[in-house]
Amino acid sequence: MKIIRCGKSLGALVEGIDLSCVSTSEFDELYQAFLQHKVLFFRQQTLTPEAQLSLAEQFGELESPHPFFPHVDNFPQVSVIETTPGNPPGKSYWHTDMTWQAAPPKCAVLCAQHLPRQGGDTIWVSMEAVYASLPRAMKKRLQGLSATHAVHGFAGSRFDHLDADGTSRVEKVSRNIQSVNHPLVAKHPETGQPTLYINEQFTRDINDKSLESEVITLTSLFLNSRKEEFQVRFSWEPGSVVIWDNRCTQHFAVTDYGDEARRLHRVVVKGTAPQAYDD
């Protein structure tokens, strides 16, 4: 196995491994690379839904089926992220998957099925690196505070639709999904590293309004997350697979391919409730 670092802050290309039959020793090495690089890229893989589920299960217990995403027939835990002619992608947001849950996912395994002729890259950002770049006084100010996360980010998206009674499906399902509070600065449960735990799509409010008088807002913190030095960009090919640590990253789908056919399969692994970091 060969692990080639890609970005300054995160990302590595892994060569010389067949993800459909990972040995125990290979997985141990892979897992350490996952913790170190946060996002792992693979080329020329062949993963059936069964193999993708089996690979993801090595990282932990699988999440329940997504409440809004469609899924592969007979495999409810394999979500389908798809664009088809006449069904273009909606607006893209920087996000960390499913932070509207009390215990957001640990990681995800995303596998390319078919792709547009060009475009459709995905960008990841290290929120550990973003936090590390903040002035020391701001770091201390943010520690111990929390933010509200909610499922509102799906409202009006292409995954939303009106049910027979004219009610938005996202609105209806969201009634049973209460908003949650997560620490602004979370501690990685395995490495102990601090991360700025916010994202555009699901973080709604900082639960300390006094920050506004100090010109510390979600908008200003989001802007700190947009610097290319903290990012890594991946161009998909048929058979590409990406595995990322959802506890310390955000990602963004570049929707620059119109309504050309694009299909990826995603499997998500359960995580634990984020814990506050305090140095």
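I looked up Ala129 and found it buried, with a relative accessible area of 18%. I count it as buried because the cut-off is under 20% relative accessible area. I note that this is a predicted model.

I then checked where Ala129 sits: it belongs to helix α3, residues 127-133. Which residues does Ala129 touch, not counting those up to four places away in sequence? I found Ser9 and Phe230. I also looked up Lys8, which lies 121 residues from Ala129 along the chain, and the C-alpha atoms of the two are separated by 9.7 Å.

Next I turned to a sheet. I found 3 strands in an open sheet, ordered β13-β7-β15, with antiparallel pairing. I listed β13 (231-234) and β15 (249-253) as the edge strands, each pairing on one side only. I read an average twist of 20 degrees from one strand to the next.

How many bridges join β7 to β13? I found 4, with β7 covering residues 122-126 and the two strands running antiparallel. For Ile123, I found Arg233 as the bridge partner in β13.

My last entry is on helix α1. I found 14 residues in α1, spanning 24-37, and a reach of 20 Å from the first C-alpha to the last, close to the 20 Å expected at 1.5 Å a residue. I noted Phe27, Leu30, Tyr31, Ala33, Phe34, Leu35 and His37 of α1 as buried. What covers these buried residues? I found strands among the cover, including β1 (2-5), β2 (12-15), β3 (39-42), β6 (107-114) and β14 (241-245). After α1 comes Lys38, and I read its phi as positive, near 75 degrees.

Key. Residues are numbered from 1 along each chain as its sequence is written. This is a predicted model: local features need pLDDT of at least 70, side-chain atom pairs count only at pLDDT 80 or more; totals for chains, interfaces and linings use all residues. Side-chain values use heavy atoms; hydrogens and water are left out. The expected span of a helix is 1.5 Å times one less than its number of residues. Buried means under 20% relative accessible area, exposed over 50%, partly exposed in between (1.4 Å probe, protein chains only). Contact means heavy atoms within 4.5 Å. Two strands pair if DSSP finds at least two bridges between them. Axes are lines fitted to C-alpha atoms, for helices over the stretch in contact, and angles run from 0 to 180 degrees between N-to-C directions.
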